[in-house]
Amino acid sequence: MFGLPESTAFDKRIPKQKFYDNAEVSSKLKRYCIDVVQEIIWKNKISAADRGSVGTVALESGDIVSEIEVIEVILSDNKVDIDFLEKLELDYWKIPSGEITNLPYLERISKNKKGIILSTGMCNIDEVMTAVRALERNLSGEIILLHCNTQYPTPYIDVNLNAMNTLRELTGKRVGYSDHTRGIEVPIAAVAMGACVIEKHFTLSCDMQGPDHKASLTPSELRKMVQCIRHIEVALGNGEKKVSDSERENLAIVRKSIVASTNIKSGELFSENNVTTKIPGTGISPMHWHVVLGKKAVRDFKKDEMIEL
């Protein structure tokens with residue numbers, strides 16, 4: 001999820017082994033994770049508008065995603081940890097791919113009555129449907145499904161973004177994408193295909209030890225990805241096909257009108273021998289070509305003059 005630094009000044013505050021076996025460090029751990037995220041945010045000048053995307057999941061829930069998602073990923077393996085996380089009043093719970101076939105875990109999480117973001121790596125569609133049904137038995141919040149491949153880094157041939165469409169069609173749920181490829185192209189494409197959530201690992205350095213770092217983004221790369229996603233969100237528009245305000249002024253410039261191709265005398269019949277089409281498009285549209293042909297000229301027309309009926 002997050003590419004947490006493995007050898008920074010932060011590590012001196014809390015011994016790493018205590019992340020997993022000492023419930024008493026929970027408050028310190030929260031402070032540790034928040035400090036790590038804030039350090040990355042401020043050192044790399046990530047704007048307030050994009051800060052909600054600094055966490056592993058980009059949601060409209062502000063900085064809390066940045067702070068809490070790290071904790072959730074580290075601590076969500078047992079009842080004590082879940083009890084602790086409940087006190088943080090999360091809007092969404094993130095369930096990793098490895099827990100999608102863990103029925104007691106799914107049932108326990110769903111009792112929180114909060115929204116759930118469910119990763120679906122290593123799953124076939126039957127396993128996804130079974131997990132969704134298990135969650136829905138208790139859940140009152142939203143379920144968002146993340147298409148995912150758990151190989152780090154994921155080969156492009158195995159990404160299969162079209163599986164998002166399958167998840168959406170068969171479950172009726174909103175879908176997102178959890179990305180483990182190198183670079184930023186695939187998550188951006190996922191947004192263009194309708195992903196409402198993007199999960200992406202990031203790290204202080206791709207040269208750090210551990211499986212995540214090679215498939216992670218640096219903070220500057222993460223910032224670039226978020227900027228590109230914001231552009232795509234705007235570019236997707238509302239789906240209505242119409243003339244946009246920015247291109248309206250081009251209509252007259254590039255479209256054509258019916259004009260005289262030679263001098264025409266009053267009373268002469270318009271034909272393909274004496275009319276043609278040319279820019280600008282401020283006269284009779286060529287779409288009325290057959291209406292004009294055969295009509296009598298109401299006056300004299302000079303060559304290239306726009307035809308009037």
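Strand β1, helix α5 (residues 103-110) and strand β2 form a right-handed β-α-β unit; right-handed here means that, with the strands pointing away from the viewer, the path from the first strand over the helix to the second runs clockwise. Welcome to a predicted model, in which local features need pLDDT of at least 70, side-chain atom pairs count only at pLDDT 80 or more, and totals for chains, interfaces and linings use all residues. Residues are numbered from 1 along each chain as its sequence is written, and side-chain values use heavy atoms, with hydrogens and water left out.

**Overall picture**

- The protein has 11 helices and seven strands, taken as DSSP runs numbered from the N terminus (helices: H or I, at least four residues; strands: E, at least two).
- Of its 309 residues, 43% count as buried; buried means under 20% relative accessible area, exposed over 50%, and partly exposed in between (1.4 Å probe, protein chains only).
- Among contacts in the protein with a separation of 6 or more, 61% are between residues 24 or more positions apart, a contact being heavy atoms within 4.5 Å.

**The β1-β2 pairing**

- Strands β1 (residues 92-95) and β2 (residues 115-119) run parallel and are joined by four bridges; two strands pair if DSSP finds at least two bridges between them.

**Salt bridges**

- The whole structure holds 10 salt bridges, each a side-chain nitrogen of Lys or Arg within 4 Å of a carboxyl oxygen of Asp or Glu.
- One of them joins the side chains of Glu 136 and Lys 173, at 2.4 Å from N to O. This pair links distant parts of the chain, 37 residues apart: Glu 136 lies in helix α6 (residues 125-136), and Lys 173 in the loop between α7 (163-171) and β4 (174-179). Glu 136 is partly exposed at 38% relative accessible area, whereas Lys 173 counts as buried at 18%.
- Lys 200 and Asp 179 form another salt bridge, with their closest N and O atoms 2.5 Å apart. Here too the pair links distant parts of the chain, with Lys 200 in strand β5 (residues 198-200) and Asp 179 in strand β4, 21 residues apart. Both Lys 200 and Asp 179 are buried.
- Arg 230 bridges to Glu 233, the closest N and O atoms being 3.2 Å apart. The two sit three residues apart in helix α9 (residues 219-236), so about one helical turn separates them. Arg 230 is partly exposed at 24% relative accessibility, and Glu 233 is partly exposed at 43%.
- Arg 299, Glu 305 and Glu 308 are linked in a network of salt bridges.

**Cysteines**

- A disulfide is a covalent bond between the sulfur atoms of two cysteines. With the criterion of a pair of cysteine sulfur atoms within 2.5 Å, the count is zero disulfides.
- Cys 148 is in no disulfide, and its nearest cysteine sulfur, that of Cys 123, is 8.7 Å away.
- Cys 148 counts as buried at 8% relative accessibility, and Cys 228 is buried with a relative accessible area of 18%.
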